[in-house]
Amino acid sequence: MRVALFLTCVNDTLYPETGRAVVKLLTRLGVEVDFPMAQTCCGQAHYNTGYRHEAEPLARHFSDVFGEYEAIVTPSGSCGAMVRELYPRMGERARAEGRGDTLAATLAPVVPKTYELTEFLVDVLGVTDVGAYYPHTVTYHPTCHGLRGLGLGERPRRLLQAVEGLELVELPGADECCGFGGTFALKNADVSAAMGTDKVRNAESTGAEVLCAADNSCLMHIGGTMTRLETGMRPVHIAEILASTEEEPAS
């Protein structure tokens, strides 16, 4: 199977190791992974901040770049939800504004074949044991877009439970937002920081070494809070855990 890696802006700029982990993991599972060099932002930041028309050229470009692939895999629930949930809304909005069906038709091909990483592993490849080894105590935070937008459900937990050496402990208040929310964290900094503190204190109460999630934007917010509170915990993307093996362990 030939798939495209949609890395996303945050990962490309700040967390390239997550992209490398996805390629390592999928290659180990027999998947051919391409990284289209023409990929750019999917338009989520623009759309969520109210610049909906400005997001449209980015969405069209996304469809142009990724349209030929069997599947598009992203290590980001939020950007995955942008394509799956909001691209159809963009097309509907353009139609309602009297601009015809062109945008909807352009975006439609990429919507059903865009997958968040854990969805792709469980639903498309049909695996939960990916041959990973990670001898650490881990707690899992289900991020909002993955939990409520994509409905990832138990997929990430099933994958983590199958990792050799990993002890998974439940996170109190797991379904509560960490407080990031993109520009929410800038516009409502005090509220965002308080929500982040609650999330980190709950994580700290588990005794876990690592807090894991499927979205680095949320892990960035949580990790910054961990540093300020001097917890000693560390945030790790699920892709890096699943890519880890006994021969090539992740930290």
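Me: How many cavities of 30 Å³ or more are there, and what makes a space a cavity?
Reply: The count is one cavity of 30 Å³ or more. On a 1 Å grid over the protein atoms alone, a cavity is a set of points where a 1.4 Å probe fits but cannot get out. This is a predicted model; local features need pLDDT of at least 70, side-chain atom pairs count only at pLDDT 80 or more, and totals for chains, interfaces and linings use all residues. Residues are numbered from 1 along each chain as its sequence is written, and side-chain values use heavy atoms, with hydrogens and water left out.

Me: What is the volume of the largest cavity?
Reply: About 40 Å³. A volume is the space filled by probe spheres set on the grid points, which are joined across faces, edges and corners.

Me: Which residues line the largest cavity, and how do they divide by class?
Reply: A lining residue has an atom within 4 Å of a point. Tyr140, Pro142, Thr143, Gly146, Leu147, Leu152 and Gly153 line this cavity. Four are nonpolar, three polar and none charged. Ala, Val, Leu, Ile, Met, Phe, Trp, Tyr, Cys and Pro count as nonpolar, Asp, Glu, Lys and Arg as charged, and the others, Gly among them, as polar.

Me: What makes a space a pocket instead, and how much space lies in the largest pocket?
Reply: A pocket is an open set with protein on both sides within 12 Å along at least five of seven lines. The largest pocket holds about 770 Å³ of space. It has 34 lining residues, with Gln44, Asn48, Phe180, Gly181 and Gly182 nearest its centre. By class, the lining has 17 nonpolar, 15 polar and two charged residues.

Me: Which helix gives the largest share of that lining, and which domains contribute at least three residues each?
Reply: Helix 5 gives the largest share, six residues. Helices are DSSP runs (H or I, at least four residues), as are strands (E, at least two), numbered from the N terminus. Domain 1 (2-124) and domain 2 (137-243) each give at least three residues. Those bounds come from an automatic or database domain assignment.

Me: What lines the second largest pocket?
Reply: It has 19 lining residues; Glu17, Val236, His237, Glu240 and Ala250 lie nearest its centre. Helix 2 (16-28), helix 12, strand 8 (234-237) and helix 13 (238-243) each give two or more residues. Its space is about 290 Å³. The lining divides into nine nonpolar, five polar and five charged residues.

Me: Why is Cys212 called buried?
Reply: Because its relative accessibility is 0%. Buried means under 20% relative accessible area, exposed over 50%, partly exposed in between (1.4 Å probe, protein chains only). Cys218 is buried too, at 12%.

Me: Is His221 buried or exposed, and what does its side chain reach?
Reply: Buried, because its relative accessibility is 12%. His221 lies in helix 12. Its side chain reaches the backbone oxygen of Ser192 at 3.3 Å. The backbone oxygen of Cys178 lies 3.2 Å from a polar atom of the His221 side chain. A polar contact is a pair of N or O atoms within 3.5 Å; within protein, one must be able to donate a hydrogen and the other to accept it, and residues adjacent in sequence count only if both atoms are side-chain atoms.
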